[in-house]
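Please consult the sequence and the structure as you read.

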Amino acid sequence: MTDPTTPTDVLHGLLADLRAESAVLDGLVSGLPAEDWARPTPAEGWTIAHQIAHLAWTDDWTALAARDAEGFGAALGDHFGALLEAGADPVEEGAREGAAAEPGALLARWRTGREEALAALAAAPSDVRLPWFGPPMKPASMATARLMETWAHGQDVADALGVTREPTARLRHIAHLGLRTLGFAFGAHGLPAPERPVRLELTAPDGGLWALGPADATDVVTGPALDFCLLVTQRRHRDDLALTATGPAATAWLPIAQAFAGAPGKGREAGAEGGRQPASGA
């Protein structure tokens, strides 16, 4: 990761990390035989093709949001409105339609779309909030969300292929997002956000310490950064991770933590690394 000093530097550093994270996933799928794109992943009902199609679909919306806010709003109303009126889930439909394509065409679409999204975010004013499915976000926040989602869906693909990915310093972005969404996670479960702040003290992939949150917080989560990122993206069950919560706010948070927008997922089953999980959410 870079050491940014201005909002523009922050954004460009995030986009560089998003590009790198996308390249890791691209490397997992680019050489797959066509039949392997139909492999089931831990997201129930989703194959590897569905995972890549979902990312491509979201990149298309990201590029539109960054380039044309009014067009995004109009397209959102027309597209989502029609699907919801028909009783369909727009996220599921986007993945289903994309996954129906020939794997080579789907891969090409994802590559083109993610480059367009990267370029659109790079060109967007760093202090302007862009429209989205949930609250509007500045380009840096949107880039962070895209990185989180790319990494999370990449984990689903890696699980389907039986591959272990090396954790990188890019996980810090996901850990940061996981902490920022603490209040949202409580709200998604109909609970008030705790008044007590929570601090993260996570072991980075290189063995260093990532300390996020107020230094004087008495509610603290400790453990490997990888485990925390797997938790907040709901790619592993809380009981299968080496995380320790100290204090009532931290203890209440970990079972419901989520870094993605939308309704809470059911998460993974304990003791099942490749266990099933709903496809909705991140």
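Helices (H or I, at least four residues) and strands (E, at least two) are DSSP runs, numbered from the N terminus. The model is predicted: local features need pLDDT of at least 70, side-chain atom pairs count only at pLDDT 80 or more, and totals for chains, interfaces and linings use all residues. Residues are numbered from 1 along each chain as its sequence is written, and side-chain values use heavy atoms, without hydrogens and water.

Q: Between which strands does the loop with Pro205 lie?
A: Pro205 is a loop residue.

Q: Is Pro205 buried, partly exposed or exposed?
A: Buried means under 20% relative accessible area, exposed over 50%, and partly exposed in between (1.4 Å probe, protein chains only). Because its relative accessible area is 36%, Pro205 is partly exposed.

Q: Which residue of β3 stands opposite Leu200?
A: Two strands pair if DSSP finds at least two bridges between them. β1 and β3 (residues 219-224) pair in the parallel sense over 6 bridges. In this pairing, the residue of β3 opposite Leu200 is Val221.

Q: Which residues touch the most other members of the largest nonpolar core?
A: A nonpolar core is a set of buried Ala, Val, Leu, Ile, Met, Phe, Trp, Tyr and Cys residues joined through side-chain atoms within 4.5 Å. The largest one has 55 residues. Those touching the most other members are Ile174, Leu200, Val221, Phe228 and Trp253.
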